[in-house]
Number of protein chains: 2
Amino acid sequence: MGIRIGIFGYGNLGRGIESAIRQNSDLELAAVFTRRDPKTVKIRTEGVPVYHADSASEHKKDIDVMIMCGGSATDLPEQTPAMAKLFNVVDSFDTHARIPEHFENTDRVAKESGKVAIISVGWDPGMFSLNRLYAGVVLPDGKDYTFWGKGVSQGHSDAIRRIDGVVDAKQYTIPVEEALDAVRSGSRPELTTRQKHIRECFVVAKEGADLERIENEIKTMPNYFADYDTTVHFISKEELDRDHSGIPHGGFVIRTGKTGFEGEHDHVIEYSLKLDSNPEFTASVIVAYARAAARLNAKGESGCKTVLDIPPATLSAEPGEELRRRLL
Amino acid sequence: MGIRIGIFGYGNLGRGIESAIRQNSDLELAAVFTRRDPKTVKIRTEGVPVYHADSASEHKKDIDVMIMCGGSATDLPEQTPAMAKLFNVVDSFDTHARIPEHFENTDRVAKESGKVAIISVGWDPGMFSLNRLYAGVVLPDGKDYTFWGKGVSQGHSDAIRRIDGVVDAKQYTIPVEEALDAVRSGSRPELTTRQKHIRECFVVAKEGADLERIENEIKTMPNYFADYDTTVHFISKEELDRDHSGIPHGGFVIRTGKTGFEGEHDHVIEYSLKLDSNPEFTASVIVAYARAAARLNAKGESGCKTVLDIPPATLSAEPGEELRRRLL
């Protein structure tokens, strides 16, 4: 029998988890939990039950790891500690400033319940965090940079949609090539927000809307756009649906640093992702950490952890010997 | 007091370790061990003793981690298990086919002595192995590729030097751009040896030597050059010393893979290194794992491990809270 996974929340991420489980023969989907009426939620895997979120405690014995697929703003701060009372859990909590608080809350509960909770799993936080750690310990005399994109920012797209006269919108965050090259040169440049990323917006406006006003409102919007060079394209709803329906993303973590008795040697460590589907890639990372959560708990561990704490080999279904033979 | 490091073998790698220790304030160089006459070995750090390798057992109490800086061919298979009887050890054993055997030999000794041994640390094996592991667990339906260079291959340079009429030589391994691009496209190409790398040789010949014969001997040398497109440049000793005295290296680990219920989304994970000094970078990786070896042993662990087994946070001198705040 494989590791039995529960999905808590069935949106883009939950569907990504369902799909990722199929690529891992040692994992099986045991149940989906939803706050909606379970009868209205159609999942893709035959024979797997959909339960109401409130009934999770009744399925304590059927789930080895519960994967939390709610949002970081209001869902996960409540749901992850609540579920860590009952299950090993993994979440993708990504509100940076609140991670310490979320860690503490989850750790307390998971230690009491004897479960393993792994929070903030995905690619950033997640794979990018790991790469910042590895690069930082290897090149202590150095500086690292993170660039995001090219990719869709859901938050920025939503901000445009709230403008009067806008029907729909998609915003792409794009790293500036010159900035990437300056970083790779090892010169450790100080880069402003504007120098690192540009923002490109595809906007569907209401018929007769004042396009100039909309463009101006976007470009001057504090926090979201005012600090960036922003381009705005008005397109039809058909074009938006045809050319901009995907959720691509990605980015770069680059660290440059010096070694040698006189710091005479330069080094560049670069990690990059180019993703067709942000939620499916995030889900793929999460299921690997779900495997680790189950295994660590089976070895007697408990409490809250992050990607920084997990021994890499624990993520793989293969035995250590095989990993050493194949990967070292 | 910091973690007290011993260096066992004082060549390029040993000097790199000495230099890397200076970049880490929680590490201190305690002693250097050599098989030469210690009086003939001048190190860069004042006040640190140089002892004969045979006297290592007398310094058991002064060293927290011994870093093994011998060669993989004959030194490390003997030295690493021998020193693991006395110390926590880290080595950079890189003879791929013999890693399982070296692991077993070292593991047996380290378990008996209650010490931690971390073998095959560096960038390949090492950081590249880690990236193959992480990328593989995240994209199980995928394929990974490793490219090396642009960088100096010591083995290939030595092979050229053994040809009659050759005074000195430096060989660069260079990845083929078209192959890198084909891999990044996600098409999962099958690439031959010739398609992945080219070999560029800078050769100093004896006066009056038959250059055509030398070039032909290089290009047709089995295993080393026959399977590659190889270019040979004859240059003067002055040019070689001026332009080719460094030991740069680097490379790429790229994995592409698919996600989605119909495998409809493509992803590219790419990790790359561009290194001015191969031994200094390798040394920088090793000292981070020396820290981990000391800490894991202090927590009661013992036995042989590889980079695949070490929790990432263990590599850093910073506390977990700080790492979460700064890196997640």
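Biologist: Which conventions apply to numbering and to the use of pLDDT?
Modeller: Residues are numbered from 1 along each chain as its sequence is written, and chains are lettered from A and ligands numbered from 1 in the order in which they are written. Side-chain values use heavy atoms, with hydrogens and water left out, and since the model is predicted, local features need pLDDT of at least 70, side-chain atom pairs count only at pLDDT 80 or more, and totals for chains, interfaces and linings use all residues.

Biologist: How many helices and strands does chain A have?
Modeller: Helices (H or I, at least four residues) and strands (E, at least two) are DSSP runs, numbered from the N terminus. On that basis the secondary structure of chain A comes to eleven helices and 14 strands.

Biologist: What is the radius of gyration of chain A, and what does the globule rule give?
Modeller: The radius is taken over C-alpha atoms, and the globule rule is 2.2 Å times the number of residues to the power 0.38. For 328 residues the rule gives 20 Å, and the value for chain A is close to that, so the chain is as compact as a globular protein of that length. The radius of gyration of chain A is 22 Å.

Biologist: What percentage of the residues of chain A count as buried?
Modeller: Buried means under 20% relative accessible area, exposed over 50%, and partly exposed in between (1.4 Å probe, protein chains only). Of the 328 residues of chain A, the buried part is 58%.

Biologist: By what turn can chain A be laid on chain B?
Modeller: Copies are superposed by least squares on the C-alpha atoms of residues with pLDDT of at least 70 in both. The RMSD is 0.0 Å and the shift along the axis is 0.0 Å, with a turn of 180°. That is the relation of a two-fold axis. The same surface serves both copies, where contact means heavy atoms within 4.5 Å: the contact residues of chain A that recur in chain B come to 100%.

Biologist: How far apart are the end C-alpha atoms of helix 10 of chain A?
Modeller: The expected span of a helix is 1.5 Å times one less than its number of residues. Helix 10 (residues 278-298) has 21 residues and should span 30 Å, which agrees with the distance in the model, 31 Å.

Biologist: How many residues of helix 10 of chain A are buried?
Modeller: This helix is mostly covered. Of its 21 residues, the number buried is 19.

Biologist: Which residue has a side-chain oxygen that reaches the backbone nitrogen of A:Glu280?
Modeller: The approach is at the start of helix 10 of chain A, to within 3.2 Å. Beyond the helix, A:Gly300 follows with a positive phi, near 100°. The residue at the start is A:Ser277.

Biologist: Which side chain makes a polar contact with the side chain of B:Glu270?
Modeller: B:Glu270 sits in strand 13 (residues 265-275) of chain B and counts as buried at 10% relative accessibility. A polar contact is a pair of N or O atoms within 3.5 Å; within protein, one must be able to donate a hydrogen and the other to accept it, and residues adjacent in sequence count only if both atoms are side-chain atoms. The polar partner, at 2.7 Å, is B:Arg184.

Biologist: Which residues of chain B are in contact with A:Ile310?
Modeller: A:Ile310 lies in the loop between strand 14 (303-305) and helix 11 (320-327) of chain A, and is buried, with a relative accessible area of 0%. Leaving aside neighbours within four places in sequence, its contacts in chain A include A:Ile118, A:Tyr289 and A:Leu296. Those from chain B are B:Tyr134, B:Pro311 and B:Pro312.

Biologist: Is A:Asn223 buried or exposed?
Modeller: A:Asn223 is in the loop between helix 8 (211-219) and strand 11 (229-234) of chain A. Its phi is positive, about 70°, although the residue is not a glycine. With a relative accessible area of 65%, A:Asn223 is exposed.

Biologist: What is omega for the peptide bond that joins A:Gly149 and A:Lys150?
Modeller: Most peptide bonds are trans. A:Lys150 lies in the loop between strand 7 (142-148) and strand 8 (151-152) of chain A. The bond joining A:Gly149 and A:Lys150 is cis, with omega about 0°.
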